[in-house]
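Please inspect the sequence and the structure before working through them.

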Amino acid sequence: MSDKNLRNIVIVGGGTAGWMTAAALGRFLKNSFCKVRLIESEDIPSVGVGEATIPQIQVFNRTLGIDENEFIRRTQGTFKLGIEFENWGKIGESYIHAFGDVGNDMDSVQFYHYWWKMRQKGQAPDIGAYSLNAVAAPKSKFMRSVDAGNSPLSNIVYAYQFDAGLYAEFLREFALKHDVKRTQAKVVESRLRASDGFIESVVLDDGEVIEADLFIDCSGFRGLLIEKALNTGFDDWTHWLPCDSAWAVPCERTEPLLPYTRSTAHSAGWQWRIPLQHRTGNGHVFASQYMNENQALDTLLNNLPAKALADPKLLKFTTGKRKKIWNKNCIAVGLSSGFMEPLESTSIHLIQSTIARLMSLFPNREFNQHDIDLFNSQADFEYERIRDFIILHYKATQRDDSEFWNYCRTMSVPDTLNQKISQFMENGQIHRTNMELFNDTSWLEVFHGQGFHPKGYHPLVDVVPDDELTRRLEHIKKVIDKSVDAMPSQQEFMQHSGLVSALKGNM
Ligand code: FAD
């Protein structure tokens, strides 16, 4: 065994980020050369939101060996087929950004080029008609994939909606079983090594001094280690993502149990609705420059689908990213690394991908700077491409009913996004690299859903005669409709699969 191996890792913070990191490190380092310890303070609450996810979270849970049924029961979870966006392109319009495939590509040309040609001729319905998830979601239908050959039922792509507090608790139990040591105390000081400025130790409020080779900062927006101790700096993206506040409030569970998240745009932001087994999560994300806190709260409360279950909570944030997510011997995971607002449910995914990157570039005590640089450049790429996709929702609007939307519609956007928009508007091509999180289908659904339509389509589409295209499109739609007809409601599916939490058995 190398004598350069890390001997101990300290995680500061016990929110979703802290316990996801502890669970993963515990799982991979159990009985090894390296001890893992997590410090959390009950006096400092975690943000307590973060309930909607994207399908990649299945990979995280699977890697840890977590049973999906147990996870759903323990977290009061539901399934998520996508996000419905209301009033984003225009007031009164809506579309679904659905997970999974849209149509079938033909002769190496993406489906949507064929669809767009026929749609322009008035011979095809909306693109959502060719997505199993987009058709199933509003009908509250859900099931897991089954072995059904070429049927879309063989590949149902989904994520989860869950209670973030219960998820952290669940992972805490998992991590403790995997030898992670938990200390309940407040970190009051960080000490740096004089020779190189690395973090040497953290000091707790009871006076204990804890040394470690690697520190993981999961302390939330405050960035206790990455910023307060190391002054890493922050790239502020408020000029592109101007929402900086959110009111959050849970309300009673709503029927039927919808398998999707809803995002409704208001005059200076948007409202989320996330259906869980025991309650529905709601929040109004808004730009304080355009709407004051009282107005924002009224908007939320006036648009609740059921009776509130708690007092509304106000959260303030700055959209952007830490200049380096790995700095010296400290890695920021979760909100300490940055935040891009919850519109596409990407924060928990970024926790997961940071952990995956740490595992792949796991350091020893020499802290190879090339590995650190590679880690940071991969993280920058991931954050910036997600940022572009989120900005698209604000930029691609025709709304002119408020100062906020006028700003968003006319603001300048990053060059990387400008290129994507220009290329798409010209010929419908979406240029992305494989490392980007959101695929062509996601971009397409948002572009079309918000009324941004390209001038042209792929030239090879014209090789297929129109009547043949009409026949193929009708066939795909028929298969999707038939498949959705065969699906149970989410409620039925969960009951039959024994997924209803013991805490709430009235489904
Ligand atoms: P926190 O939850 O803030 O946890 C910080 C931890 O650090 C706490 O345990 C605290 O006690 C501890 N701590 C702080 N200081 C000290 C100290 N001095 N000593 C000891 N311990 C300390 N993400 C999604 O993926 N989907 C969503 O739908 C979603 N919605 C969101 C909505 C809003 C309005 C916001 C603000 C965020 C949302 N997120 C969402 C993001 C998500 O909530 C976070 O990514 C996730 O909860 C991780 O937070 P965290 O653990 O980094 O920080």
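The exercises below refer to this predicted model, and each is followed by a worked solution.

**Exercise 1.** Determine how helix α2 is oriented against helix α9, and which residues form the contact.

*Solution.* 
Step 1. Helix α2 spans residues 57-64 and helix α9 spans residues 347-360; their axes lie 9 Å apart and form an angle of about 45°.
Step 2. Angles under 35 degrees would count as roughly parallel and those from 65 to 115 as roughly perpendicular; α2 is therefore oblique to α9.
Step 3. The two helices cross with left-handed geometry.
Step 4. From α2, the residues Ile57, Val59 and Phe60 take part, and from α9 Ile348, Gln352 and Ile355.
Step 5. Sorted by class, this contact of α2 with α9 comprises five nonpolar residues, one polar residue and no charged residue.

**Exercise 2.** Carry out the corresponding analysis for helix α1 and α2.

*Solution.* 
Step 1. Helix α1 covers residues 16-29, and its axis is 10 Å from that of α2, at an angle of about 40°.
Step 2. The pair is therefore oblique.
Step 3. The crossing of α1 with α2 is left-handed.
Step 4. The α1 side of the contact consists of Met20, Ala23, Ala24, Arg27 and Phe28, and the α2 side of Phe60, Thr63 and Leu64.
Step 5. The classes are six nonpolar, one polar and one charged for the contact of α1 with α2.
Step 6. Comparing the lists shows that Phe60 belongs to the contact with α9 and also to the contact with α1.

**Exercise 3.** Describe the crossing of helix α10 and helix α12, and classify the residues in contact.

*Solution.* 
Step 1. The axes of α10 (residues 369-395) and α12 (residues 415-427) come within 9 Å and cross at roughly 60°.
Step 2. This angle makes α10 oblique to α12.
Step 3. The handedness of the crossing of α10 and α12 is right-handed.
Step 4. Helix α10 contributes Arg385, Arg387, Asp388, Ile391, Leu392 and Lys395, while α12 contributes Thr416, Leu417, Lys420 and Ile421.
Step 5. Of the residues in the contact of α10 with α12, five are charged, four nonpolar and one polar.

**Exercise 4.** Which peptide bond is cis, and where does Asn87, with its positive phi, lie?

*Solution.* 
Step 1. As a reference, most peptide bonds are trans, and most residues other than glycine have a negative phi.
Step 2. The bond from Glu255 to Pro256 is cis, its omega being near -10°.
Step 3. Pro256 sits in the loop joining β13 (245-251) and β14 (261-266).
Step 4. Asn87 has a phi near 65°, and this residue occupies the loop between β4 (82-86) and β5 (94-98).

Methods: Residues numbered from 1 in each chain as written. Predicted model: local features only at pLDDT ≥ 70, side-chain atom pairs only at ≥ 80, totals over all residues. Heavy atoms only, no water. Axes fitted to C-alpha atoms, helices over the stretch in contact; angles between N-to-C directions. Helix = DSSP H or I, 4+ residues; strand = E, 2+ residues; numbered from the N terminus. Parallel < 35°, antiparallel > 145°, perpendicular 65-115°, else oblique. Left-handed = near helix turned anticlockwise from the far one by under 90°. Contact = heavy atoms within 4.5 Å. Nonpolar A, V, L, I, M, F, W, Y, C, P; charged D, E, K, R; others polar.
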